[in-house]
Structures are given as C-alpha cells and as structure tokens.
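Please keep the viewer open as you read.

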Protein chains: 2
Amino acid sequence: MTYCVGLLVDSGLVFMSDTRTNAGIDNISTVLKMKTWEVPGERFLCLLSAGNLATTQATISLLDERTLAPSEREPAILTQPSMFQTAKLIGETLREVITGSSGPQCASPMFSGSFILGGQIKGTPPRLFNIYSEGNFVEAGEDNPFFQIGEHKYGRPIIIRTYERTMSLPECAKLLMVSFDSTLRSNLSVGLPLDLQFYERDSFASGLRTRITDKDPYYKTVSEGWSDALKTAFDALPDFVPEAWAEHTEAA
Amino acid sequence: MTYCVGLLVDSGLVFMSDTRTNAGIDNISTVLKMKTWEVPGERFLCLLSAGNLATTQATISLLDERTLAPSEREPAILTQPSMFQTAKLIGETLREVITGSSGPQCASPMFSGSFILGGQIKGTPPRLFNIYSEGNFVEAGEDNPFFQIGEHKYGRPIIIRTYERTMSLPECAKLLMVSFDSTLRSNLSVGLPLDLQFYERDSFASGLRTRITDKDPYYKTVSEGWSDALKTAFDALPDFVPEAWAEHTEAA
C-alpha cells in the first residue's frame, strides 16, 4: 500500500507521500511517489500516486515524454490551459495505461492506480484533484479541502479534527507528520522516508521540497512528543465514573 | 460494517461494540452486537460480532439453544471446561453456519463473520480470543492484549499509543470512547449507540453493562473534549521550521 495526502489551505498546497512499495511482504523497496513539474512564474504541478506501481509509473512516463517533446501531436502536461484540463489529461493517460494492461473489456482492479494532483496555473487559484482508476476525478472544495489515497484510515481522524483552512504551510507539515506517524505505527505497508512538498499560493514555483527519514530530529520529536501529548490529553479528559452509569442504566 | 473492541487488562476485560447494521446505505438499522452468558460465581462470557448479520445471529441462536437445553447431545456453551474449548465451540458453530449458507465447497466471503470472545471460567485467568470465519482463532497475550473487528483502522492509533496493561476498567472505557468517537466521525457504517461491558477479574459475574447514546453527557464531553485536547496537544508540539529543512536538504 501507500499513503499520500494533499491539503488545500488559503496560503497554498502541501503534499506528503510515503515511499514504501511491496510485491508481497518479502519484496519491499523504496520508491518516489511524488512527481512535480513547473514552468517558473507560470505553473506548478505536483502529482502523488497510489496503486499498481507499473501503472502509475507508466502513466507518469507517458506524461513526461509528452512534456519532453512538446512538438508531438499528443497533448503535453505543461501546456494545458487549466488545472481541470491537466487533471483530465492525467486521467485519460491513466485509463489508457490500465486498459493497455488488462484489455479494453475488463479494466482489472489488479492494474488500478490513483493520483492526487495539485497545483496552480497563472490566472486561476490553486486547485486540488483526486483522480481515479477510471480516469475521472473530483476536486477539493470548501467542504472537502484535502484528499488521501492509499492506506488512509489510520491517519484520517487527526486531519479531520485538526485541519483548518487558515493553517500555514509549516502547520500543515506538522499535521501531516502526525497523520503519517499514526499510519506508520499501525501498518507495515506504509514506510519511511516521507517526501514533503510545499506550494505557496501565487508563487508559480516549487516551495520547500524535502525528504524526511527516521533520523530527522524533528520527525523524532513529533513522533515521540505526540505519544506523550496524547497521553496527557487523554489523562486530562474527565474520568469515566461507573457508579454514575450504573444509576443511569437503572433509570433508563 | 461494525466496530467492536475487546481489551484485556490486569484487572479484567472491557468490551465495546457499535450497533449499526446496514444492507446498502439506505437500509440502516440498530442491532445489538454484544451477547453475554453467565453462571454467577462460576463463569462469564462476552461475545462481540462483526460481519454478515444472518451468519452471526444464527451462530448465536445455535449457541443459545444449546444453552437452553443442556440435556441435548450437542455441547452447550456454558458447560465447556475452558475458555479455549468455548472458543472452539463458537468457531465450529460459526463454520457450520457459513458452510450451511454457502455450501461445503466454497465458504463464500458474502456469508463471513467474526467474533471477539472474552471471559473467565473458575480456576483459569480471564482470556480473550479473536475467532475467524474459518472457525479457527487466536488468543490475546502480553504482546497483543486487545482485538478489534470490523472497521478497526480509524480507532487503532489511539489504542496503540494509550493502552497499558495496568489501566483500570473505567480508564479502558474512556479510551474506547475516544477510539469509537474517532471511528464514528470518519465512517458512516459505524454508529451510535454503543454498548459497553465490564468484566472484573475473578468476579465470575457481569460487571457494569450500559448503552451509550448521543445524548449521554459524558460521551459528549469526551467527544468534544477530545477535539479540543488534540488541538492543544498539536499546538504544543514544536513548530516545523522550513528554513531548517531547506538547509538540511542542501546538506543531504
């Protein structure tokens, strides 16, 4: 599995992805699941991938080749007029790859993959999309300002409770580290190192891009600090008083 | 889906289950997933169920009928010599029901179900089992002192970080409320009310048994208090300083 998150906030976009890939539990390796493209001053795109690695890599290679040869008749990812058209191109390429692997009659779930696409093109606001295996996609909005793909359940409650649209990009990075740490502790199929990408609204260029390993002192502090903080928070909640419930039950 | 947890601690056992069942998202109802049996002073059993409701209800009915007619040739759940034999009986009955529905050749996953069994029989310590569709089961121990069945991922990180073997039963109840609240907020297939059951070590009788609804002031306090506590805990973590990472990345 995989765990990737894209967050949309007022000040921009933050992306995080893990790097574990496995074919069986005895065949594990590290792979980059975060791909960016940019035309400085004009557009920035970040793509996170989950699912069958052959499928997502082939999709990205196709998108990349089309980028490298802009004279080709095929549409290029860096020349789409809008984020919507960019998402559409990625979706179509993804579907093309899946259909190519499994035949047109039945797009086998074996070959499925999905993407989170975020970025901004000059003249439009930053946008964030979740692109499905079928090639269609949904966009983040006021009510659903973030997307998760892969092993998303363990890390979801903390995002739901803590996310605010007004968070700064560094605050988002902190939130995502907690969310990823909760997932890493629960599920072997998600693994360090993590890739982190900032995109500052209207910058039309890559923000901070870094890789977080198990040796990073900040990550360690968050991971250990969060366990302690949770225990303190838990202790601070009022105690459960069985006597009160016994009465309550009789009264019911 | 469903969410059920059984926790084994030094002072006994704590069980919690939700009550939502659905056949499609427009066919939702409330059902009890927690069944207890006791012979005061001699044994106490608690069974939590997840999966196909027809399967788990049929299994429990068979176990119950055998309880009601102890003179039958079939083994009765209240006369097993040990918790291990009790788990074995439940597993066999479960497999019998699934095979009866789907035919002996292929036990269809459609009819699958699973159970958490906990309890104590005089002369042995409290024990906790996770019983699978196939009828086999595993037991909780020092290293895996709790079991979750159903929609378990959302509520797992908080148990992993907070559980301690020395917790009191009321502390366990508080922990489970937080774990269930995190799940309820993330997944529609798990729903209130919740059933809670205490078993105090060597009591050989039911401890507190109560039902928690959305109107319970304590549950509300935990649910709202936990959101606030998490935010406070999150704010207390050291900030992410992008400048430090930019240097770090260059150095790498």
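How do the residues of the lining of the largest cavity divide into nonpolar, polar and charged? Before the answer, one reminder: this is a predicted model, and the values below were computed from it.

**The cavity**

The lining of the largest cavity divides into ten nonpolar, two polar and two charged residues. The structure holds one cavity of 30 Å³ or more, and about 150 Å³ of space lies in the largest cavity.

**Where the chains meet**

Next comes the contact between the two chains. Chain B brings 53 residues to the contact and chain A brings 53 residues. Between them the chains bury about 4600 Å², with 70% of that area on carbon and sulfur atoms. On the chain B side, Arg161(B), Phe234(B) and Phe240(B) lose the most area to chain A, and together they account for 20% of what that side buries.

The elements of chain B that give two or more residues to the side touching chain A are helix H3 (156–162), helix H4 (169–186), strand S11 (194–200), strand S12 (209–212), helix H5 (217–236) and helix H6 (242–251). H5(B) supplies the largest share of that side, 13 residues. By class, the chain B side divides into 27 nonpolar, eleven polar and 15 charged residues.

**Salt bridges across the contact**

Side chains of opposite charge can pair when their charged atoms come close. Over all chains, the whole structure has 30 salt bridges, and the count between chain B and chain A is eight.

| Arginine | Aspartate | Closest N and O atoms |
|---|---|---|
| Arg161(A) | Asp181(B) | 2.9 Å |
| Arg161(B) | Asp181(A) | 2.9 Å |

The salt bridge of Arg161(A) and Asp181(B) has its N and O atoms 2.9 Å apart at the closest. This pair crosses between chains, from helix H3 of chain A, which holds Arg161(A), to helix H4 of chain B, which holds Asp181(B).

**The largest pocket**

Which elements give two or more residues to the lining of the largest pocket? The pocket itself has a volume of about 260 Å³. Of its 13 lining residues, Met1(A), Thr2(A), Thr21(A), Gly51(A) and Leu53(A) are the closest to its centre. The elements in question are strand S3 (20–22), strand S6 (43–51) and helix H1 (53–68) of chain A. By class, the pocket lining has four nonpolar, seven polar and two charged residues.

**Backbone details**

Leu192(A) and Pro193(A) are joined by a cis peptide bond with omega of about -5°, and Pro193(A) sits in the loop between helix H4 (169–186) and strand S11 (194–200) of chain A. In chain B, a cis peptide bond joins Leu192(B) and Pro193(B), with omega of about -5°; Pro193(B) lies in the loop between H4 and S11 of that chain. Finally, Phe204(A) has a positive phi of about 50° although it is not a glycine. Phe204(A) belongs to the loop between S11 and strand S12 (209–212) of chain A.

How values were computed:
Residues are numbered from 1 along each chain as its sequence is written. Chains are lettered from A and ligands numbered from 1 in the order in which they are written. This is a predicted model: local features need pLDDT of at least 70, side-chain atom pairs count only at pLDDT 80 or more; totals for chains, interfaces and linings use all residues. Side-chain values use heavy atoms; hydrogens and water are left out. On a 1 Å grid over the protein atoms alone, a cavity is a set of points where a 1.4 Å probe fits but cannot get out, and a pocket is an open set with protein on both sides within 12 Å along at least five of seven lines; lining residues have an atom within 4 Å of a point. Grid points are joined across faces, edges and corners, and a volume is the space filled by probe spheres set on the points. Helices (H or I, at least four residues) and strands (E, at least two) are DSSP runs, numbered from the N terminus. Ala, Val, Leu, Ile, Met, Phe, Trp, Tyr, Cys and Pro count as nonpolar, Asp, Glu, Lys and Arg as charged, and the others, Gly among them, as polar. Contact means heavy atoms within 4.5 Å. Buried area is the accessible area (1.4 Å probe) that two parts lose on being put together, summed over both. A salt bridge is a side-chain nitrogen of Lys or Arg within 4 Å of a carboxyl oxygen of Asp or Glu.
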